[in-house]
Amino acid sequence: MVSGGGLSIDSAVIESQSRNCENAGVHVVRHPLVEHHVTRMRRATTRPSEFRDLVRRLATLMAYEATQDLPTAHHRVQTPLAEADGVQLRGRIGLIPILRAGLGMVDPVLDLLPMAEVWHLGLYRDESTAQPVRYYDKLPPKRPVDVALVLDPMLATGGSATAALMTLREWGVPRVKVLSLIAAQEGLDSVAAQFPEAQIYICQIDPELNAQKFIVPGLGDAGDRIFNTIQPAE
Ligand code: PRP
């Protein structure tokens, strides 16, 4: 175990981060701020209000990284003193939050991309099979966005991300970026193999899934922690 600021990170997690990623489309966002906030988010005693704040901060940091290559067009503006050359973002950008937990990432990303469109996808994991169940799809039938940012804090088996990416492929989105805070290596490998054209941004990669297909060490159920819906054991 290593520690910093009173918080500990299992060495297996660090080993997993430093593992050479064979998937060219996978980007691990390495930054001390990201690592600090993820560590606080993992802590079981972190209350929902702080958890939500941490999701917001991390979503902002991830979005900054994930939007580095957005296309721009030349744009000339008049300042109070003279004309200046500048740029403006080009094309339609869609935020695709996967309900519920992805909702926690929408506002911070929308703060950075106020012109973005938000199209919700409702998916939950069946607890007995760990398979994604689709219950809401707000995508219009035509006119796909130019770039889609899929927002979901967790990527475990990768089933939910796969279902979302299939839907975006059917919609005809030419560029897709997935922003997840924590991923399990096996789920990440599966999604990256099925969608080599997608760019996947992750804060930290965890080494394994348990028998219930929860990420270990992970952080529990992000949706329940964001929305304070953890039910006490009977
Ligand atoms: C969680 C998480 C992802 C999915 C990840 O959602 O937010 O959407 O599970 O698991 P997977 O990679 O194995 O598909 P959950 O089903 O708990 O729904 P919620 O957001 O409503 O809590």
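How many cavities of 30 Å³ or more does a search of the whole structure find? The search finds one, where a cavity is a set of points, on a 1 Å grid over the protein atoms alone, at which a 1.4 Å probe fits but cannot get out.

The model is predicted, so local features need pLDDT of at least 70 and side-chain atom pairs count only at pLDDT 80 or more, while totals for chains, interfaces and linings use all residues. Residues are numbered from 1 along each chain as its sequence is written, and side-chain values use heavy atoms, with hydrogens and water left out.

**The cavity**

The largest cavity holds about 30 Å³ of space, a volume being the space filled by probe spheres set on the grid points, which are joined across faces, edges and corners. Its lining, made of residues with an atom within 4 Å of a point, consists of Leu121, Gly122, Leu123, Arg134, Tyr136, Ala163, Ala164 and Thr167. Strand 8 (121–125), strand 9 (132–137) and helix 5 (159–171) each supply at least two residues of this lining; helices (H or I, at least four residues) and strands (E, at least two) are DSSP runs numbered from the N terminus. By residue type, the lining divides into five nonpolar, two polar and one charged, where Ala, Val, Leu, Ile, Met, Phe, Trp, Tyr, Cys and Pro count as nonpolar, Asp, Glu, Lys and Arg as charged, and the others, Gly among them, as polar.

**Salt bridges**

Side chains of opposite charge can pair when their charged atoms come close. A search of the whole structure finds ten salt bridges, each a side-chain nitrogen of Lys or Arg within 4 Å of a carboxyl oxygen of Asp or Glu. The table gives some of them.

| Salt bridge | Closest N and O atoms |
|---|---|
| Arg56 and Asp53 | 2.7 Å |
| Glu83 and Arg76 | 2.7 Å |

Arg56 and Asp53 both lie in helix 3 (residues 48–66), where they are three residues apart, about one turn of the helix. Arg56 is partly exposed, with a relative accessible area of 37%, and Asp53 is also partly exposed, at 29%; buried means under 20% relative accessible area, exposed over 50%, and partly exposed in between (1.4 Å probe, protein chains only).

Glu83 is partly exposed at 48% relative accessibility, Asp85 is exposed at 56%, and Arg76 is partly exposed at 41%. Elsewhere, salt bridges that share partners join Asp69, Arg175 and Lys177 into one network.

How values were computed
1 Å grid on protein atoms, 1.4 Å probe; cavity = no way out; pocket = protein on both sides within 12 Å on 5 of 7 lines; lining within 4 Å.
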